[in-house]
Amino acid sequence: MLDYQAGDMSAFETLYRKHKGPLYRYFVRQLHNQQLAEDLYQDTWGKVINAAVQYQVTAKFTTWLYKIAHNLLIDHVRAVKPLDKVTALGEDQTMDSLEANHHVSPEPQLLQQQQADMLKSCIAKLPPVQKEAFLLNIEMGMTAAMISDIANVTLEATKSRIRYAYKSIKQCIANQWQETSL
């Protein structure tokens, strides 16, 4: 980021390539709305570009980037709907979209898809603060300290959010697995 701040455009391209996929997935998984995710994703990069002149190294670039993303997400949720009214996106995958593999029988593929769907469903049911902490930890590989900086909460609160998210997901999957076994 310091190289980009000094005028090196290729440095921005490097930052963008490194963070574009994970940042976009962060918004999609938080909002369950691709169009809105794209809008906030673009807003985040716009803020990065606009803030380049004032950028100071106070944390890792990733932490700074996700703090911007987090704040945009919070601003949007506050402006549009209460936190507990965020709804999950309907499943966009059908049986026709499962890719056939001629060397593997369809049962393991179907089981794997069902397990993935269960996990997505359970993550979607988490309270927003737990979901954010969980996704930043699992998907982005961020530490609890980084997440606490992004969410502007204590380290202990972040650890609790992650712990409760794991516990809730584990229980949700166990319940869903039991329902399908009956």
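A residue is called buried here when its relative accessible area is under 20%, exposed when that area is over 50%, and partly exposed in between, using a 1.4 Å probe and protein chains only. Helices (H or I, at least four residues) and strands (E, at least two) are DSSP runs, numbered from the N terminus.

Before we start, please keep in mind that this is a predicted model, in which local features need pLDDT of at least 70 and side-chain atom pairs count only at pLDDT 80 or more, while totals for chains, interfaces and linings use all residues. Residues are numbered from 1 along each chain as its sequence is written, and side-chain values use heavy atoms, with hydrogens and water left out.

Let's begin with the whole chain. It holds eight helices and zero strands. Of its 182 residues, 34% are buried. If contact means heavy atoms within 4.5 Å, then among contacts between residues at least 6 apart in sequence, 66% join residues at least 24 apart.

Now look at one pair of helices. How are two packed helices described? By the angle between their axes and the distance between the axes. The axes here are lines fitted to C-alpha atoms over the stretch in contact, with angles from 0 to 180 degrees between N-to-C directions. Helix α2 (residues 9-31) and helix α6 (residues 128-138) have axes that come within 10 Å and cross at roughly 155°. The two helices are therefore roughly antiparallel, a label for angles over 145 degrees, with under 35 counting as roughly parallel, 65 to 115 as roughly perpendicular and the rest as oblique. On the α2 side the contact is made by Y26, R29 and Q30, and on the α6 side by P128, K131, E132, L135 and L136. These residues divide into four nonpolar, one polar and three charged; Ala, Val, Leu, Ile, Met, Phe, Trp, Tyr, Cys and Pro count as nonpolar, Asp, Glu, Lys and Arg as charged, and the others, Gly among them, as polar.

Follow the chain on to helix α7 (residues 144-151), where six of the eight residues are buried. Those residues are A144, M146, I147, S148, I150 and A151.

Finally, two backbone angles deserve a look. Most residues other than glycine have a negative phi. H32, in the loop between α2 and α3 (34-51), has a positive phi near 55°. N152, in the loop between α7 and α8 (155-181), also has a positive phi, of about 60°. Which of them is buried, and which exposed? H32 counts as buried because its relative accessibility is 17%, whereas N152, at 63%, counts as exposed.
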